[in-house]
Each structure stands twice: as C-alpha cells, then as structure tokens.
Amino acid sequence: MTKSIDELGRLCGALLKAQPGPDGRQKVCDLLKPLLADNAFVDKAIPESTGERELLYEDPELKFCIFAEHKGGAKIGKPHDHGPSWAIYGQAAGETEMTEWELVKAPSKDGPGKVRRARIYKMTPGSAYVYNEGVLHSPSRTAPTRLIRVEGVNLDQFRALRPEYEEVP
Ligand SMILES: [Fe+2]
C-alpha cells in the first residue's frame with residue numbers, strides 16, 4: 001500500500017524510538033525497500049521535478065530527516081562518512097555504484113586520511129543501505145538517479161567539514 005510521507009515519517013519515528021541504534025535504522029531501511037520499488041510512491045515522493053535535495057520530513061522529536069534527491073548527470077563521489085550521524089541511501093530510480101572503504105589512516109591537520117577499497121556494489125531501484133557513524137563510502141553514478149535519503153540529523157551543517165581521503169592499494 002502506498003504511504004504518505006507523513007505516515008512514513010511517523011512509522012520511521014516509531015521504529016527509531018523503539019530501537020535507537022543500528023537495529024532500528026536497519027528496520028527503517030527494510031521499511032523503505034518495497035516503497036522504493038513502488039512506482040506510485042516514487043512518483044509522489046520524488047517526481048521528475050524534484051531538485052537535488054528536498055526535505056520531505058523532519059521529525060519534531062528525534063530530528064531525523066527524510067529527503068528526496070534527484071541527481072543529474074554523471075558523478076564520482078569522494079570517500080566520506082557523515083560525521084556524528086548515520087544515513088540511509090534508498091535507490092528509487094537509476095543506478096548508484098557504491099564503494100565502501102576501510103580506514104587505513106585517519107585524516108589529521110597534517111594531511112588527508114588514507115583509505116583502502118573494501119567492497120563495491122550496485123544499488124538499483126528497491127535497494128537501500130544503512131551507513132552507520134564512521135562508515136566510509138562513496139557513491140558514483142553514470143546517469144541521473146532518484147533517491148530517498150534518511151539522515152539521523154540534517155547533514156547540511158556538516159557537509160563543509162568533510163575531510164579528504166586518499167586511496168591506497
Ligand atoms: Fe554519504
């Protein structure tokens with residue numbers, strides 16, 4: 001059954017309240033998967049007219065946020081984590097190639113961190129993954145994509161603070 005965004009937000013809130021750690025986030029992720037493959041939900045939540053990043057829901061109590069994202073063109077992302085927060089990437093249209101990275105050396109004031117490629121997988125419509133605090137990852141795409149993203153807190157405030165990482169073999 002197609003859910004409204006507010007209904008989805010309230011359901012996510014209930015799951016995260018019952019299990020505030022990674023288990024609750026995984027349940028949110030599992031709740032999203034069938035919706036991401038539901039054309040009626042996707043057309044309503046992330047229509048073609050959606051911009052790069054639009055806030056759909058912010059929980060008044062827990063402060064987690066649900067965003068609709070419509071990414072245009074090709075892009076190779078850089079390795080990053082989400083600072084003090086977690087995030088869920090849910091693929092609704094197009095494909096994302098996700099790389100997860102193992103931390104070899106933490107970034108410092110003397111230079112960028114070092115990372116080693118740990119695993120690569122393809123996200124297709126209906127797939128969703130949780131990135132807990134500190135999990136380094138980089139999304140890439142070769143064509144436009146549409147996603148639902150859930151962030152533990154609105155990550156706009158941390159985006160400018162992202163450290164640089166260099167790949168090592
Ligand atoms: Fe990310």
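Is Arg53 buried, exposed or partly exposed? I looked it up: Arg53 is partly exposed, at 23% relative accessible area (buried is under 20%, exposed over 50%, partly exposed in between, with a 1.4 Å probe and protein chains only).

Before going on, I note that this is a predicted model, where local features need pLDDT of at least 70, side-chain atom pairs count only at pLDDT 80 or more, and totals for chains, interfaces and linings use all residues. Residues are numbered from 1 along each chain as its sequence is written, and side-chain values use heavy atoms, without hydrogens and water.

**Arg53 and its partner.** I find Arg53 in a salt bridge with Glu69, closest N and O atoms 3.5 Å apart (a side-chain nitrogen of Lys or Arg within 4 Å of a carboxyl oxygen of Asp or Glu). Glu69 is buried, at 3%. Both residues belong to a salt-bridge network that also takes in Glu52, Lys71, Arg149, Glu151 and Asp156. I get 18 salt bridges for the structure.

**Another pair.** I also checked Lys17, which bridges to Glu61 with the closest N and O atoms 3.0 Å apart. Glu61 is exposed, at 52%.

**Iron site.** I see the iron ion held by His80 (NE2), His82 (NE2), Tyr89 (OH) and His137 (NE2), at 1.9 to 2.2 Å (donors are N, O and S atoms within 2.8 Å of the metal, or 3.2 Å for Na, K and Ca; water is not among the atoms, so sites may look incomplete). In sequence, I read the donor spacing as H-x1-H-x6-Y-x47-H. His80 is buried, at 5% relative accessibility, and Tyr89 is buried with a relative accessible area of 5%.
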